[in-house]
Amino acid sequence: LVSAINRVQLLGRVGQDPIMRQVEGKNPVTIFSLATNEMWRTGDSEVSQGGESARALCDISQKTTWHRISVFRPGLRDVTYQYVRKGARIFVEGKIDYGEYTDKNNVRRQATTIIAGKEQNTKVPL
């Protein structure tokens, strides 16, 4: 019986070389950003009266979404840190995590992070 599913799959390009951070008393984590692009057509399309020829007057729009990826699993964390580089096209599978933190100016902020490698079938760089 499955009561809930928290699973995400992303295919995109790495925005920065991964960094490894370690907070005192906790396991290290590898962090990087991943860009995914969504494209769609907007506009009208014209069809001649006879229906013989069609001419599309469409613009292509694009939206880039940036995702923060965190890798905690030891083997995957180390491989990601060593081999993943900015611009690489990779597939990430994991779960979404919502959290809060206080920034340097003592302002509470919200953050959305993809925790990669939680599932056994997580795939590493293509």
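What is the volume of the largest pocket? In this predicted model, the largest pocket has a volume of about 570 Å³. Its lining comprises 18 residues, of which Val29, Ile31, Arg68, Ser70 and Phe72 are the closest to the pocket centre. Several strands contribute to this lining: at least two residues each are supplied by strand E3 (29-47), strand E4 (54-71), strand E5 (89-102) and strand E6 (108-116).

Threonine 80 was examined next. This residue belongs to helix H1, which spans residues 74-83. Threonine 80 is classed as buried because its relative accessible area, 5%, falls under the 20% cut-off. When neighbours within four places in sequence are left aside, the contacts of threonine 80 are with Pro18, Thr30, Phe32 and Val71.

A further site is asparagine 6, placed in the segment that precedes strand E1 (8-14). With a relative accessible area of 38%, asparagine 6 lies between the limits of 20% and 50% and is therefore partly exposed. The side chain of asparagine 6 reaches the backbone oxygen of isoleucine 96 at 2.8 Å. A separation of 8.2 Å is found between the C-alpha atoms of asparagine 6 and glycine 94, although these two residues are 88 residues apart along the chain.

Key:
Residues numbered from 1 in each chain as written. Predicted model: local features only at pLDDT ≥ 70, side-chain atom pairs only at ≥ 80, totals over all residues. Heavy atoms only, no water. Helix = DSSP H or I, 4+ residues; strand = E, 2+ residues; numbered from the N terminus. Buried < 20%, exposed > 50% of the residue type's maximum accessible area, 1.4 Å probe, protein only. Polar contact = N/O pair within 3.5 Å; in protein donor to acceptor, adjacent residues only side chain to side chain. 1 Å grid on protein atoms, 1.4 Å probe; cavity = no way out; pocket = protein on both sides within 12 Å on 5 of 7 lines; lining within 4 Å. Points joined across faces, edges and corners; volume = space filled by probe spheres on them. Contact = heavy atoms within 4.5 Å.
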